Amino acid sequence: FNASLRYEIAPWLNIQARGNIDYIDDNYEQDLHSGTLPIYNNNGHGNMTIKQQTTEQKYGDVIANFNIPIKNDDFKVSGLAGTSILDTKVTGNYITGYLSTPDFFTEGNIIASLAGLTSITTSPATQDVPPGGAAAPFPVHSQIQSVFGELDLQYKEWLYINGTGRN
């Protein structure tokens, strides 16, 4: 989904707001059999990775564009100033590790590192990283907020000065 609005405040100034929302569903399983290279199969029983992940990403910005009228045609001043935000949330399950029973590819057969447990069976997976395996914690949330601008100066269409900035 995306949307955009533009409003002209004056002949030399307008403001624009844009935004979008994206959803991504990712389901992945990798089965590495007992005959796989030792780097992926340290205990000789095989390795399994399961990933079920949903990503929601929201983006928005507001930008003011200007082209300042100057009575003297020798000079021109234009540019923009704006702000943006990118918000990302990831939820789901991620489990990877060596197998307890050779080539038996189920989530319950992945070896865990926690004392007294023989497999990772929780969802969402939030355990510490097991030897030869990993369980990633979810949800993950990140946000980037930015402010930016640009200024263009022109003299007699032969001298140009341009400056941009962003945090």
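Here are some notes on the structure above, for someone looking at it for the first time.

1. **Confidence first.** Keep in mind that this is a predicted model. The average pLDDT over the chain is 84, and 84% of the residues score at least 70. Strand 1 (residues 2-10) has the highest confidence, at 97, while strand 5 has the lowest, with a mean of 54.

2. **A stretch to read with care.** For residues 114-132 the pLDDT is below 50. The model still gives this stretch 48 contacts beyond near neighbours in sequence.

3. **Ser84, where it sits.** You'll find Ser84 in strand 4, which covers residues 75-98. Is Ser84 buried or exposed? Its relative accessible area is 6%, so Ser84 is buried, given that the cut-off for buried is under 20%.

4. **Ser84, who it meets.** Leaving aside residues up to four places away in sequence, Ser84 touches Tyr59, Gly60 and Asp61, along with Ile144, Gln145, Ser146, Phe148 and Arg166. With Arg166 there is also a polar contact, side chain to side chain, at 3.4 Å.

5. **Asn109, a buried loop residue.** Now move on to the loop between strand 4 and strand 5 (134-135), where Asn109 is found. Asn109 has 5% relative accessibility, so this residue counts as buried too. Which backbone oxygens does the side chain of Asn109 reach? One belongs to Thr101, at 2.8 Å, and another to Phe104, at 2.7 Å.

6. **A nonpolar patch on the surface.** Which residues form the nonpolar patch? They are Leu151, Leu153, Trp158, Leu159 and Ile161, and together they have about 480 Å² of accessible area. Strand 6 (140-155) supplies at least two residues of the patch, and strand 7 (159-166) likewise supplies at least two.

7. **Leu153, a closer look at the patch.** Leu153 lies in strand 6 and is one of the patch residues. Its relative accessible area is 33%, so Leu153 is partly exposed.

Notes
Residues numbered from 1 in each chain as written. Predicted model: local features only at pLDDT ≥ 70, side-chain atom pairs only at ≥ 80, totals over all residues. Heavy atoms only, no water. Helix = DSSP H or I, 4+ residues; strand = E, 2+ residues; numbered from the N terminus. Buried < 20%, exposed > 50% of the residue type's maximum accessible area, 1.4 Å probe, protein only. Polar contact = N/O pair within 3.5 Å; in protein donor to acceptor, adjacent residues only side chain to side chain. Contact = heavy atoms within 4.5 Å. pLDDT = per-residue confidence, 0-100. Patch = residues over 30% accessible without salt bridge, like charges linked within 9 Å, V, L, I, M, F, W, Y side chains within 5 Å. Areas by Shrake-Rupley, 256 points an atom, 1.4 Å probe, with all protein chains shown as cover. Salt bridge = Lys/Arg side-chain N within 4 Å of Asp/Glu carboxyl O.
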